[in-house]
Amino acid sequence: MRKAFAVGRKELRQISRDRRTLLILVFVPAFFLLLYGYALNWDIRHVTLAVQDRDGTPESRALVSAFVNSSYFDRVADAYSPDEIDRLLDLNHARAVLIIPEGFGRDLARRQAPEVQVIINGENANTATTVMGYAANIIRSAGATFAPAAAPSPPPVSVEPRIWYNPELRSTLFLVPGLIAYILMITAVISTAISIVREKEVGTMEQVRMAPIDTFSFVVGKTIPYFLISLASAALIVLAAMLLFELPMRGNWIALLVALSLFIAGALGTGLVISTVADTQQVAFQAAMLSSFLPTLMLSGFIFPISSMPQALQIVTYAVPARYFLIALRGIVLKGTSIWLLLPQMGALIVYAAVMLGLASVRLARESR
Amino acid sequence: MSAAATANAIEVRQLTRRFGQFVAVDDVSFDVRTGEIFGFLGSNGAGKSTTIRMLCGLLQPTSGTATVGGIDVRRNPESVKVRIGYMSQRFSLYELLTVDQNIRFFGGIYGLAEARLAERRRFVIDMAGLAGRETTLARDLAGGWRQRLALGCAILHEPAILFLDEPTGGVDPISRRQFWRLIDALSQAGVTVLVTTHYLDEAERCHRVALIHAGRLAAMGTPTEVKQVFAGRPIVEIRADQAVDAMRLLEAMPAVEKTSLFGTAVHAVLRDPAVSADAVADRLRAQGIQVEAVATVAPSLEDVFLDVIDRANAAARGTAA
Ligand SMILES: Nc1ncnc2c1ncn2[C@@H]1O[C@H](COP(=O)(O)OP(=O)(O)OP(=O)(O)O)[C@@H](O)[C@H]1O
Ligand SMILES: [Mg+2]
C-alpha cells in the first residue's frame, strides 16, 4: 500500500502541474455541459406560430394576443385550411400552430370548456416538450382571466396537445443524465489512458516496471487520483445541471454516489485497457474516443431510445455501461427510485468495472513478461 | 547458495531472445564479476538493451539462462528487481516533479522506509551535486544534473548490481567525465556495474568489455585483451588531403588488409608487421597523394570495434554464399 500511495501522490502532483490534464478533467466537463445543454435548446423563445382563428370573437383574439405577448411565440402566418397548416409545418415556416375552433367565445360564455388545439413540430423532441409546456401555460392562464371569479372550477379552456412527428415525446430533463454520463465517460477514459501511455512514451513506465512494485499497487495508485477527480468533476456537473437546467434531486444522495462511483470505476478500467493496447498518445486518444464517445452517445439510450434500435444493435447496448448508468441516474435523480430497485443496473456496472479492471491488470502484468 | 558465495554477480548462458522471426539476442554467454565495471558495446540495434531488459526481469528470454546476484532471472524476476538498480536508455525522470519529489517517488516504489529514505535522499542530493536545487522541476535541470539525478534514483535502495543503459547519451563531455567518476566510486564500493555505451573512450574505463554485433557476442575481455586482435597487424594512420583517394589507393596495395576513416585521418591495417609506415606513405606519394603525416599507432577500441564488425559481416557473407 505504501507503494500504491507513492504512485498516487506522484500522479496528483503531476496532474496539479499539468495544465492540460487539469483542463480536461475539470473545465472541459463544465464547458461540455454548457455547450450541449444550450445547444439542446432548453430555453426557447420566438417560436414561429401560425394561427387559425375560426372563431373571430374578442375572446379568441384575446387568446392569440396572450400567445404573442408571452414573447415565446412570434405570429408569422395565418392559416385558413388544414392544407395550409400542413404546408406551413412542412416548410418549417411555422413550428407551432394554434387552432381556435368555431364557437370558442360562445362556449366560454356558456361555461362549457371549449377545446383549443395546438400543433407542434415534434422533430426535435426537446424543443417540442418545452414549447408545449409554454402553450399549455398560456392557455391555462388566459382561460383563468376569461372565467368570472366565482365560476365553478372546471378549467375554462382545456388543452389537448397533439404532437406531430414524434408521438413518443421525451422530456428535456431526460437528456441531462445522458449528458452527465457522456461527459464523465469521455473525461475519465481519456485522462487515464493518456496518463499511462504518456509514461510509456517518455520512458518512465519502463523505469517503474524495473521497481519491485506489483501490478495491483500500480493500478490502484494510478487510478485513485483519477477516480477522485472524476467524482469531483461529476459532483460539479450535477450541481451545474441543477442550477442551470433545474435538474431535480428526488432520490438518495448515497445512491447517486454509488452509481457514479461504479460508473467511473468502469470508465477508468476502460482507460487502463486502452493504455495497454496503445503505444502513442494519439492512438490512445482515438481509441478512447471510439470506445467511449460513440457508444455513450448512440447506444446508451441517451439520444436514441434503445427500444427503437434494430435488434442487433440492441444486443450491443448490453455491453455499454452508460445504458445501465442512465437508467440508474434517471431513476435516482428524476423519479427518486430506491437503490434496491436499481440493483440489476448497479450489478451490471459492477460487472463491467470488474471485467475492465481485471483485463487491464492481466494485460499490464503480461506486458512486463 | 547466496549471492556473496559466487564471485560472479551476473552469469549469462546461451541467452537468446527472438521477436517473431527476428533474433535480437543470439546465444550470448558471459560472466560479470562482483564489483566489476562491465562495458557492453555495440552499434544501434545490436541487442544491448534487450539483453539488459532480460537480465532485469523485464523481458522473458526465449531460451538460455541468466542469474543475477545468484538468482535465476527467469524463475524469480521479482526478487531480482529488489537487488538491482536500473537506469533506462532515456534516463527517465518525471519532468513535472521536483528533484525531491522524484527521489521520494522512486524511494516509495522501492518500498524504502521513511528514515532510510531521508538518509538516502541526502546521499543522492550530495552525490549528484543537487544541493539547493531540491525544489527545481526535473524538466528545468540541465542534462548533466538530470543524468546524475536519474542515477541517484536508481541507487536509492543501494542495489548490489547496477544496470546503466547508455547513461551518458546526449550529455556534454565534462558531465560525462563527472558521471564516470561516480561509476568508479560505486565500483570501488563493491557495486557491480553493467553499462552500455557508444562512446569508446568510456569503454576504455571499463574493467572488461563485451562487443555485441547483430545480437551475437563478437569479442570480450579487458580493453587490452580485445586489442590483441591487432597483434601482428600494425595500424598506420595517414593524414592526407584527398583522404578518399588515398583510401582507394591503399586498398589496392597488397600489404594493406583494409582501411577505415577516422575523423580526417585514414587508418590502414597492414597484413605484414615488417612493412613500415614510411614505405606505405612513399607509395602513396608516388601515386600523387599529398601525405601530411604518417605514423604507426596503437589500436583503439574503435579499431577493434570496426574490425570485429567487418569480420562478422564477412563471416555472415561467407555462410550466406
Ligand atoms: N519489443 C520488440 N519487438 C520487436 N523488436 C524489438 C523489440 N525490442 C527490440 N527489438 C529489436 O531488437 C533489436 C535490438 O534492439 P535493442 O534495443 O536491444 O538494441 P540496442 O543495442 O540497445 O540499440 P541502441 O544502441 O539503439 O539502444 C533492434 O533491431 C530492435 O528493433
Ligand atoms: Mg539500447
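User: Which residues line the second largest cavity?

Analyst: In this predicted model, the lining is made up of Gln207(A), Tyr86(B), Met87(B), Ser92(B), Phe106(B), Tyr110(B), Ala150(B), Cys153(B) and Ala154(B). A cavity is a set of points on a 1 Å grid over the protein atoms alone where a 1.4 Å probe fits but cannot get out, and lining residues have an atom within 4 Å of a point.

User: Which element gives the most to that lining?

Analyst: H5(B), with three residues. Strand E6 (84-87) and helix H5 (143-154) of chain B each supply at least two. Those are DSSP runs numbered from the N terminus: helices (H or I) have at least four residues and strands (E) at least two.

User: And what classes of residue are in there?

Analyst: The second largest cavity is lined by seven nonpolar, two polar and no charged residues. Here Ala, Val, Leu, Ile, Met, Phe, Trp, Tyr, Cys and Pro are nonpolar, Asp, Glu, Lys and Arg charged, and the others, Gly among them, polar.

User: How much space lies in it?

Analyst: About 60 Å³ lies in the second largest cavity, while the largest cavity holds about 70 Å³. There are three cavities of 30 Å³ or more.

User: What lines the largest one?

Analyst: Its lining includes Phe230(B), Lys258(B), Phe262(B), Asp303(B) and Asp310(B). Strand E12 (256-262) and helix H11 (301-320) of chain B give two or more residues each. By class, the lining of the largest cavity has four nonpolar, two polar and four charged residues.

User: New topic: how many disulfides over all chains?

Analyst: Zero, taking a disulfide as a pair of cysteine sulfur atoms within 2.5 Å.

User: Is Cys153(B) buried or exposed?

Analyst: Buried, at 4% relative accessibility. Cys56(B) is buried too, at 0%. Buried means under 20% relative accessible area, with a 1.4 Å probe and protein chains only.

User: Where is Thr192(A)?

Analyst: In helix H7 (residues 175-202) of chain A. Thr192(A) is buried at 0% relative accessibility.

User: What does Thr192(A) touch?

Analyst: Leaving out residues up to four places away in sequence, Thr192(A) touches Thr223(A), Tyr226(A), Leu268(A) and Gly271(A), where contact means heavy atoms within 4.5 Å. Its side chain also reaches the backbone oxygen of Val189(A) at 3.4 Å.

User: How does the numbering work?

Analyst: Residues are numbered from 1 along each chain as its sequence is written, and chains are lettered from A and ligands numbered from 1 in the order in which they are written. Local features need pLDDT of at least 70, side-chain atom pairs count only at pLDDT 80 or more, and totals for chains, interfaces and linings use all residues, while side-chain values use heavy atoms, without hydrogens and water.

Technical notes: 1 Å grid on protein atoms, 1.4 Å probe; cavity = no way out; pocket = protein on both sides within 12 Å on 5 of 7 lines; lining within 4 Å. Points joined across faces, edges and corners; volume = space filled by probe spheres on them. Buried < 20%, exposed > 50% of the residue type's maximum accessible area, 1.4 Å probe, protein only. Polar contact = N/O pair within 3.5 Å; in protein donor to acceptor, adjacent residues only side chain to side chain.
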